[in-house]
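Subject: Structure handover

Hi,

Here is the structure for you to look at. Please open it beside this email as you read.

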Amino acid sequence: TRTALHDHTIVLIGLMGAGKTTVGRRLAAAMDRPFADADHEIERAAGRSVSEIFEDFGEAAFRDGERRVIARLLDQPPMVLALGGGAFVDPDTRTLIANKAISIWLQADVETLATRVARRDTRPLLRDGNPVEILERLLETRQPAYAEADIHIDASAGTHQATADAIIAAL
Ligand code: S3P
(Lines give C-alpha, C1' and ligand atoms only; values in the text may rest on other atoms or scores of the structure.)
Protein backbone atom coordinates (compact mmCIF):
# COMPACT_ATOMS: atom_id res chain seq x y z
CA THR A 1 0.00 0.00 0.00
CA ARG A 2 1.05 3.63 -0.33
CA THR A 3 1.42 4.02 3.42
CA ALA A 4 3.71 1.04 3.68
CA LEU A 5 5.75 2.43 0.85
CA HIS A 6 6.76 5.40 2.96
CA ASP A 7 7.25 3.64 6.26
CA HIS A 8 9.17 0.52 5.40
CA THR A 9 12.48 -0.46 3.97
CA ILE A 10 12.18 -2.22 0.61
CA VAL A 11 14.31 -5.37 0.53
CA LEU A 12 15.33 -6.95 -2.78
CA ILE A 13 15.97 -10.69 -2.77
CA GLY A 14 16.70 -13.35 -5.37
CA LEU A 15 19.53 -15.33 -6.88
CA MET A 16 22.90 -14.00 -7.99
CA GLY A 17 22.51 -12.14 -11.28
CA ALA A 18 18.89 -11.13 -10.71
CA GLY A 19 19.94 -7.47 -10.69
CA LYS A 20 19.27 -6.73 -7.03
CA THR A 21 22.02 -4.11 -6.73
CA THR A 22 21.43 -2.31 -10.03
CA VAL A 23 17.65 -2.38 -9.76
CA GLY A 24 17.93 -1.34 -6.11
CA ARG A 25 19.99 1.75 -6.96
CA ARG A 26 17.46 2.81 -9.58
CA LEU A 27 14.54 2.15 -7.29
CA ALA A 28 16.17 4.15 -4.48
CA ALA A 29 16.81 7.06 -6.83
CA ALA A 30 13.22 6.98 -8.09
CA MET A 31 11.86 6.84 -4.53
CA ASP A 32 14.34 9.43 -3.30
CA ARG A 33 15.61 7.30 -0.45
CA PRO A 34 18.99 5.83 0.49
CA PHE A 35 20.31 2.60 -1.01
CA ALA A 36 22.42 -0.05 0.70
CA ASP A 37 23.87 -3.30 -0.54
CA ALA A 38 24.22 -5.89 2.23
CA ASP A 39 27.27 -7.57 0.66
CA HIS A 40 29.01 -4.21 0.42
CA GLU A 41 28.21 -3.41 4.05
CA ILE A 42 29.57 -6.81 5.14
CA GLU A 43 32.76 -6.15 3.17
CA ARG A 44 33.11 -2.78 4.84
CA ALA A 45 32.59 -4.21 8.31
CA ALA A 46 35.03 -7.08 7.70
CA GLY A 47 37.60 -5.08 5.74
CA ARG A 48 37.63 -7.95 3.23
CA SER A 49 35.82 -8.93 0.05
CA VAL A 50 33.04 -11.52 0.15
CA SER A 51 35.39 -14.00 -1.56
CA GLU A 52 38.08 -13.35 1.05
CA ILE A 53 35.59 -13.81 3.90
CA PHE A 54 34.55 -17.20 2.46
CA GLU A 55 38.21 -18.16 2.03
CA ASP A 56 39.52 -16.94 5.37
CA PHE A 57 36.58 -17.74 7.68
CA GLY A 58 34.20 -19.99 5.74
CA GLU A 59 30.61 -19.63 4.64
CA ALA A 60 29.10 -20.11 8.12
CA ALA A 61 31.02 -17.09 9.43
CA PHE A 62 29.92 -15.08 6.40
CA ARG A 63 26.28 -15.97 7.14
CA ASP A 64 26.64 -14.88 10.78
CA GLY A 65 28.07 -11.54 9.71
CA GLU A 66 25.42 -11.19 7.03
CA ARG A 67 22.61 -11.76 9.55
CA ARG A 68 24.02 -9.14 11.93
CA VAL A 69 24.61 -6.54 9.22
CA ILE A 70 21.08 -6.96 7.83
CA ALA A 71 19.54 -6.65 11.31
CA ARG A 72 21.42 -3.39 11.79
CA LEU A 73 20.38 -2.02 8.40
CA LEU A 74 16.73 -2.84 9.12
CA ASP A 75 16.91 -0.58 12.19
CA GLN A 76 17.82 2.40 10.07
CA PRO A 77 15.34 4.80 8.45
CA PRO A 78 13.49 3.46 5.39
CA MET A 79 15.84 2.62 2.53
CA VAL A 80 16.13 0.29 -0.42
CA LEU A 81 18.27 -2.70 0.59
CA ALA A 82 19.73 -5.28 -1.79
CA LEU A 83 20.58 -8.60 -0.13
CA GLY A 84 23.07 -11.26 -1.18
CA GLY A 85 21.35 -14.25 -2.76
CA GLY A 86 21.56 -16.48 0.32
CA ALA A 87 20.48 -14.01 2.99
CA PHE A 88 16.71 -14.56 2.78
CA VAL A 89 17.22 -18.30 3.27
CA ASP A 90 18.06 -17.63 6.91
CA PRO A 91 14.85 -18.01 8.98
CA ASP A 92 15.78 -15.28 11.49
CA THR A 93 16.51 -12.83 8.68
CA ARG A 94 13.21 -13.74 7.00
CA THR A 95 11.29 -13.10 10.22
CA LEU A 96 13.00 -9.74 10.78
CA ILE A 97 12.22 -8.69 7.22
CA ALA A 98 8.61 -9.89 7.50
CA ASN A 99 8.19 -7.72 10.60
CA LYS A 100 10.02 -4.61 9.48
CA ALA A 101 10.20 -4.40 5.70
CA ILE A 102 8.59 -5.13 2.35
CA SER A 103 10.34 -7.95 0.49
CA ILE A 104 10.55 -8.18 -3.27
CA TRP A 105 11.76 -11.30 -5.11
CA LEU A 106 13.44 -10.55 -8.41
CA GLN A 107 12.66 -13.71 -10.35
CA ALA A 108 14.58 -14.70 -13.44
CA ASP A 109 15.22 -17.89 -15.33
CA VAL A 110 18.50 -19.61 -14.65
CA GLU A 111 19.90 -19.05 -18.17
CA THR A 112 19.41 -15.29 -17.84
CA LEU A 113 21.02 -15.30 -14.40
CA ALA A 114 24.00 -17.32 -15.65
CA THR A 115 24.59 -14.89 -18.51
CA ARG A 116 24.57 -11.97 -16.14
CA VAL A 117 26.88 -13.47 -13.51
CA ALA A 118 29.33 -14.56 -16.21
CA ARG A 119 30.15 -10.91 -16.67
CA ARG A 120 31.32 -10.38 -13.11
CA ASP A 121 32.64 -13.55 -11.60
CA THR A 122 33.41 -12.60 -8.04
CA ARG A 123 31.03 -15.08 -6.45
CA PRO A 124 32.63 -17.83 -4.36
CA LEU A 125 29.62 -20.14 -4.80
CA LEU A 126 30.05 -20.12 -8.58
CA ARG A 127 33.75 -20.78 -8.60
CA ASP A 128 33.73 -24.56 -8.89
CA GLY A 129 31.40 -25.63 -11.62
CA ASN A 130 28.89 -24.86 -14.29
CA PRO A 131 26.96 -21.70 -13.32
CA VAL A 132 23.67 -22.95 -14.82
CA GLU A 133 23.84 -26.18 -12.83
CA ILE A 134 24.84 -24.42 -9.61
CA LEU A 135 22.11 -21.81 -9.99
CA GLU A 136 19.54 -24.53 -10.74
CA ARG A 137 20.47 -26.35 -7.55
CA LEU A 138 20.39 -23.14 -5.51
CA LEU A 139 17.01 -22.18 -6.94
CA GLU A 140 15.59 -25.59 -6.08
CA THR A 141 16.62 -25.32 -2.42
CA ARG A 142 15.92 -21.61 -2.03
CA GLN A 143 12.64 -21.29 -3.92
CA PRO A 144 10.44 -22.06 -0.89
CA ALA A 145 12.13 -19.28 1.07
CA TYR A 146 12.12 -16.78 -1.82
CA ALA A 147 8.42 -17.49 -2.41
CA GLU A 148 7.68 -16.01 1.02
CA ALA A 149 8.56 -12.54 -0.31
CA ASP A 150 5.66 -10.07 -0.28
CA ILE A 151 5.94 -9.21 -3.98
CA HIS A 152 7.27 -11.30 -6.88
CA ILE A 153 8.60 -9.42 -9.91
CA ASP A 154 9.71 -10.86 -13.24
CA ALA A 155 13.27 -9.62 -13.69
CA SER A 156 14.06 -11.70 -16.78
CA ALA A 157 12.44 -9.78 -19.55
CA GLY A 158 13.23 -6.11 -19.40
CA THR A 159 16.04 -3.76 -18.57
CA HIS A 160 16.92 -3.01 -14.98
CA GLN A 161 15.03 0.27 -15.31
CA ALA A 162 11.94 -1.61 -16.50
CA THR A 163 12.23 -3.90 -13.48
CA ALA A 164 12.52 -0.90 -11.15
CA ASP A 165 9.42 0.63 -12.81
CA ALA A 166 7.53 -2.65 -12.38
CA ILE A 167 8.35 -2.63 -8.66
CA ILE A 168 7.07 0.91 -8.26
CA ALA A 169 3.87 -0.07 -10.05
CA ALA A 170 3.46 -3.07 -7.74
CA LEU A 171 4.02 -1.20 -4.46
C1 S3P B 1 25.56 -15.46 -2.39
C2 S3P B 1 25.31 -14.36 -3.19
C3 S3P B 1 26.25 -13.21 -3.26
C4 S3P B 1 27.07 -13.12 -1.98
C5 S3P B 1 27.74 -14.41 -1.68
C6 S3P B 1 26.75 -15.56 -1.51
C7 S3P B 1 24.55 -16.55 -2.35
O8 S3P B 1 25.47 -12.03 -3.44
O9 S3P B 1 26.28 -12.73 -0.89
O10 S3P B 1 28.62 -14.66 -2.74
O11 S3P B 1 24.57 -17.36 -1.41
O12 S3P B 1 23.69 -16.60 -3.28
P13 S3P B 1 24.74 -11.64 -4.85
O14 S3P B 1 23.43 -12.36 -4.87
O15 S3P B 1 24.59 -10.18 -4.77
O16 S3P B 1 25.67 -12.09 -5.94
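First, the ground rules. This is a predicted model: local features need pLDDT of at least 70, side-chain atom pairs count only at pLDDT 80 or more, and totals for chains, interfaces and linings use all residues. Residues are numbered from 1 along each chain as its sequence is written.

**Annotated sites**

The unreviewed UniProt entry places the feature "binding site" at Asp39, Arg63, Gly85 and Arg142. UniProt positions are in the numbering used here, feature names are shortened, and annotations may be inferred rather than shown by experiment.

Arg63 sits in helix 5 (residues 59-74). Helices (H or I, at least four residues) and strands (E, at least two) are DSSP runs, numbered from the N terminus. Arg63 counts as partly exposed because it has 16 C-beta neighbours inside 10 Å. The cut-offs: buried means 20 or more other C-beta atoms within 10 Å of the residue's own, exposed means 12 or fewer, and partly exposed is in between, with C-beta atoms placed from the backbone.

Gly85 is in the loop between strand 3 (80-82) and helix 6 (91-100). Gly85 has 23 C-beta neighbours inside 10 Å, so it counts as buried. Leaving out residues up to four places away in sequence, Gly85 touches Gly14, Leu15 and Met16. Contact means C-beta atoms, placed from the backbone, within 7 Å.

**Helix 7 and helix 8**

Helix 7 (residues 110-118) packs on helix 8 (residues 131-146) at an angle of about 125°, with the axes 9 Å apart. Axes are lines fitted to C-alpha atoms, for helices over the stretch in contact; angles run from 0 to 180 degrees between N-to-C directions. The pair is therefore oblique. Under 35 degrees is roughly parallel, over 145 roughly antiparallel, 65 to 115 roughly perpendicular, and the rest oblique.

On the helix 7 side, the residues in contact are Val110, Glu111, Leu113, Ala114, Val117 and Ala118; helix 8 supplies Pro131, Val132, Leu135, Glu136 and Leu139. By class, this contact has nine nonpolar, no polar and two charged residues. Nonpolar covers Ala, Val, Leu, Ile, Met, Phe, Trp, Tyr, Cys and Pro; charged covers Asp, Glu, Lys and Arg; the others, Gly among them, are polar.

**Helix 2 and helix 9**

The axes of helix 2 (residues 20-31) and helix 9 (residues 160-170) come within 9 Å and cross at roughly 55°. That makes helix 2 oblique to helix 9.

Thr22, Val23, Arg26, Leu27 and Ala30 in helix 2 meet a helix 9 set that includes His160, Gln161 and Ile167. The classes here are six nonpolar, four polar and one charged.

Best wishes

Conventions:
Two residues are in contact if their C-beta atoms, placed from the backbone, lie within 7 Å.
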